[in-house]
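Let's take a friendly walk through this model, with the cut-offs spelled out as they come up. Please keep the viewer open as you read.

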Amino acid sequence: PTSAQVSAATQPGRFRYTLNNNLLTTEQRQFYEENGYLVIRKLVSDEDIERFRKEFIRICNKEVKPLGAMIMKDQVRRSQSAPAEKAVNKVQDFQEDEELFRYCTLPQVLRYVECFTGPNIMAMHTMLINKLPDSDKQTFLHPMHQDLHYFPFRPAERIVCAWTAMERAHRDNGCLVVLPGTHTEPLRPHGYPEGQVEPCGGVNKLFHGILDLDENSPRVHVVMEKGDTVFFHPLLIHGSGVNKTSGFRKSISCHFASSECHYIDVKNTVQEDIEKEVVEQARAKFNVTSVDLKDIWSFRARLVQGERMNL
């Protein structure tokens, strides 16, 4: 279901956001160029998804403790002694967990990633999201945002996210919502929703949203089946809706970048505030005083194909 018009132009022009390849059809390339995202059906097998699900449960139960991973829990469910896998809503930075990191190395995923990044591919940011049923406060709604807000590396055209549904994602359980074509726009100012200086109970830490977004902007709800994978540009405005069901909507994702990308200084830019928050969080988590944003991203980054250059 959608209220937005997506472009499906078939006349190829000058391709800016995709590279020449023998995998994507001209229509697929043009769709991504115009809209900033592309869904590939049944890309990841049920067997792989089941392995990722089991590893998620092992992490929730503390049977494995991946180095550097951030385990985000719902404070209410944790206080009610809910089973661990029903209290954890995100495992972030799982690059040191070999089982989950297999997602970032799946050949069928990398074949598509290479169409956007080129052959030298870094896995930069990893997440397994366990979207919990929402309360009246809409705790697990992620405001509309651009992922580039978090990234101190460029160019944006050589960065792509692969996001795979681990079960059916639809409007009722809070599927991805995108604003087609917004990947051609500049990076917008982000922050916490109005009146929310600090996130509620720590649950929505770093869940920034675009501050001046027109709520009536036409949007597409990206309905996906288990194993479907959407590739999208880091400037594409997107978010996820409220999970109105009693179930848990899982997805696994990785942001990939060409290793030829380079780090930038975000001081005196719209990214300056996020830099301060991320650095403060890292210093507290790892009990260090001399860490900067480049250090944090260098730690997260892992080479998955080709040669490591700048990142």
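## Two crossing helices

How do the axes of helix H2 and helix H4 come together, and at what angle do they cross? The axes of H2 (residues 46-60) and H4 (residues 98-105) come within 9 Å and cross at roughly 145 degrees. Axes here are lines fitted to C-alpha atoms, for helices over the stretch in contact, with angles running from 0 to 180 degrees between N-to-C directions. The crossing of H2 and H4 is left-handed, a term for a near helix turned anticlockwise from the far one by less than a right angle, clockwise being right-handed.

On the H2 side the contact (heavy atoms within 4.5 Å) is made by Asp48, Arg51, Phe52, Glu55, Arg58 and Ile59, and on the H4 side by Glu99, Leu100, Arg102 and Tyr103. These residues of the H2 and H4 contact divide into four nonpolar, no polar and six charged. In that scheme Ala, Val, Leu, Ile, Met, Phe, Trp, Tyr, Cys and Pro count as nonpolar, Asp, Glu, Lys and Arg as charged, and the others, Gly among them, as polar.

## The model and the whole chain

This is a predicted model, in which local features need pLDDT of at least 70 and side-chain atom pairs count only at pLDDT 80 or more, while totals for chains, interfaces and linings use all residues. Residues are numbered from 1 along each chain as its sequence is written, and side-chain values use heavy atoms, leaving out hydrogens and water.

The protein chain holds seven helices and 16 strands; these are DSSP runs numbered from the N terminus, with helices being H or I of at least four residues and strands E of at least two. Of its 311 residues, 57% count as buried, where buried means under 20% relative accessible area, exposed over 50% and partly exposed in between (1.4 Å probe, protein chains only). Among contacts between residues at least 6 apart in sequence, 83% join residues at least 24 apart.

## A covered strand with two partners

Strand S14 (residues 249-258) is mostly covered, with 10 of its 10 residues buried. Arg249, Ser251, Ser253, His255 and Ala257 point one way from S14, while Lys250, Ile252, Cys254, Phe256 and Ser258 point the other way.

## A four-stranded open sheet

Four strands form an open sheet in the order S5-S13-S8-S11, with antiparallel pairing. Its edge strands are S5 (142-145) and S11 (220-222), each pairing on one side only. Neighbouring strands of this sheet are turned by 25 degrees against each other on average, direction ignored.

Within the sheet, three bridges join S8 (residues 176-178) to S13 (residues 238-240). Gly239 in S13 is the bridge partner of Val177.

## A loop residue and a helix end

Phe207 sits in the loop between strand S9 (190-191) and strand S10 (209-210). Phe207 is buried, with a relative accessible area of 7%. Phe207 and Pro193 lie 14 residues apart in sequence and 9.2 Å apart in space, C-alpha to C-alpha.

Helix H5 (residues 107-117) has as its buried residues Val109, Leu110, Tyr112, Val113, Cys115, Phe116 and Thr117. Just after H5, Gly118 takes a positive phi of about 90 degrees.

Methods. Two strands pair if DSSP finds at least two bridges between them.
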